[in-house]
Amino acid sequence: MATEHKTKVLILGSGPAGCTAAIYAARASLSPILVHGLQPGGQLTITTDVENYPGFAETIQGPWLMQQMEAQAAHVGTTIIADTIVSVDLSKRPFVAIGDSGDRYVGDTLIIATGAQAKWLGLDSEKQFQGFGVSACATCDGFFFRGKEVAVIGGGNTAVEEALYLTNHATKVTLVHRRDQLRSEKILQQRLFANPKIVVVWDHVADQVLGTAEPPGVTGLRIAHAKTGAKRDLKLDGVFVAIGHTPNTQIFKGQLDMDGEGYLVTRPGTTFTNVPGVFACGDVQDKVYRQAVTAAGTGCMAALDAEKFLAHAALPHAAAAD
């Protein structure tokens with residue numbers, strides 16, 4: 001039988017943004033409800049070594065970090081429910097969300113922390129080596145490839161920026177692009193072509209990630225010519241897939257303002273969306289930084305914004321303004 005859950009603060013998403021929002025909302029005695037979503041713990045659950053999250057001198061594991069965040073949120077008073085939201089009604093407050101389970105979630109405010117998903121090539125070998133030499137985030141994982149050779153797949157701004165960043169760590173970066181020219185901004189292309197560490201392989205696509213099973217690790221990349229199909233192998237230590245991200249915003253289309261790529265638009269310097277009482281944080285509204293620590297920071301902001309919104313809404317004069 002379907003259940004109705006009511007709360008002052010409903011949080012969708014359980015990555016760093018959602019968990020941090022839950023911690024701050026719970027400590028403000030708002031008794032938040034956090035709904036896990038499709039990927040409990042967010043993208044960090046498919047990340048192995050994490051060295052750039054503040055507070056840990058030694059390398060930690062992404063899944064462990066998210067377990068700790070969720071446990072902290074529960075410890076301070078968050079109700080955490082394993083469900084996936086399939087529809088929302090933001091036409092009036094309180095807001096209503098319906099879960100895949102059939103449960104109904106009613107929130108006086110809504111914090112959206114549903115994140116974004118990296119676009120992958122769809123290769124079985126790519127999935128096999130994710131976290132063991134295959135990555136979709138150079139800023140997150142580039143440090144692990146100090147003194148090594150890597151490849152970047154893609155031809156847009158993201159791919160060029162990733163390739164340029166990786167030259168800070170790798171001895172050689174091979175950019176593999178399926179066309180004979182890049183789609184990125186001209187100034188980025190100029191920087192790319194001027195960098196002696198970067199080699200561009202035109203008119204090729206990734207065919208198979210090569211590596212060893214024990215211990216798991218990438219040893220190369222098999223590429224195929226886009227026109228002739230001829231294949232050859234590149235010897236390298238890591239593969240970075242940089243063909244973009246997709247924000248998890250499908251259920252909010254037509255109700256919240258989004259940019260051309262589907263990311264939720266928030267008021268500068270805040271987490272306010274165009275609907276009063278609805279807030280967005282983390283990768284669902286951030287396509288620039290996409291880091292666990294920045295997601296956590298905006299999660300904090302969302303909880304504080306929601307707390308202030310609720311305090312204002314409770315004032316006698318606020319009813320007419322809502």
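In helix 5, which spans residues 157-166, the buried residues are A159, V160, E162, A163, L164 and L166. The cover over these buried residues of helix 5 includes helix 4 (138-141), strand 11 (149-153), strand 12, helix 6 (186-194), strand 13 (198-201) and strand 17 (238-241). The model discussed here is a predicted one; pLDDT averages 94 over the protein, and 97% of the residues score at least 70.

Helix 6, one of the elements that cover helix 5, also has a described crossing with helix 5, in which the two axes come within 10 Å and cross at roughly 35°. Helix 5 passes helix 6 in a left-handed crossing, and the contact is formed by N157, V160, E161, A163 and L164 on the side of helix 5, with L188, R191 and L192 on the side of helix 6. Sorted by class, the residues of this contact comprise five nonpolar, one polar and two charged. V160, A163 and L164 of helix 5 belong to this contact and are also listed among the buried residues of helix 5.

Strand 12, another part of the cover over helix 5, runs over residues 172-176 and contains T174. T174 counts as buried because its relative accessible area is 8%, which is under the 20% limit for that class. Beyond residues up to four places away in sequence, T174 touches V150, A151, V152, V199, V201 and L234.

| Helix pair | Angle between axes | Axis distance | Crossing |
|---|---|---|---|
| Helix 1 and helix 2 | about 25° | 8 Å | left-handed |
| Helix 1 and helix 7 | roughly 35° | within 7 Å | right-handed |
| Helix 5 and helix 6 | roughly 35° | within 10 Å | left-handed |

Helix 1 (residues 16-27) and helix 2 (residues 62-75) pack with their axes 8 Å apart and at an angle of about 25°, and therefore helix 1 is roughly parallel to helix 2. Helix 1 contributes P16, C19, A22 and I23 to the contact, while helix 2 contributes M66, M69, E70, Q72 and A73. Of the residues in this contact of helix 1 with helix 2, seven are nonpolar, one is polar and one is charged.

The axes of helix 1 and helix 7, the latter comprising residues 292-313, come within 7 Å, and their crossing is right-handed. Here the contact involves P16, A17, T20, A21, Y24 and A25 of helix 1 together with A292, A295, A296, G299, C300, A303 and L304 of helix 7.

Among the loop residues, G37 lies between strand 2 (33-35) and strand 3 (49-50). G37 is partly exposed, with a relative accessible area of 21%. When neighbours within four places in sequence are left aside, G37 is in contact with D83 and T84. The C-alpha atoms of G37 and T114 are 7.2 Å apart in space, although the two residues are separated by 77 residues in sequence.

One stretch calls for caution in reading the model: over residues 318-322 pLDDT stays under 50, and for these residues the model has five contacts beyond four places in sequence.

Note on methods
Residues numbered from 1 in each chain as written. Predicted model: local features only at pLDDT ≥ 70, side-chain atom pairs only at ≥ 80, totals over all residues. Heavy atoms only, no water. Helix = DSSP H or I, 4+ residues; strand = E, 2+ residues; numbered from the N terminus. Buried < 20%, exposed > 50% of the residue type's maximum accessible area, 1.4 Å probe, protein only. Contact = heavy atoms within 4.5 Å. Axes fitted to C-alpha atoms, helices over the stretch in contact; angles between N-to-C directions. Parallel < 35°, antiparallel > 145°, perpendicular 65-115°, else oblique. Left-handed = near helix turned anticlockwise from the far one by under 90°. Nonpolar A, V, L, I, M, F, W, Y, C, P; charged D, E, K, R; others polar. pLDDT = per-residue confidence, 0-100.
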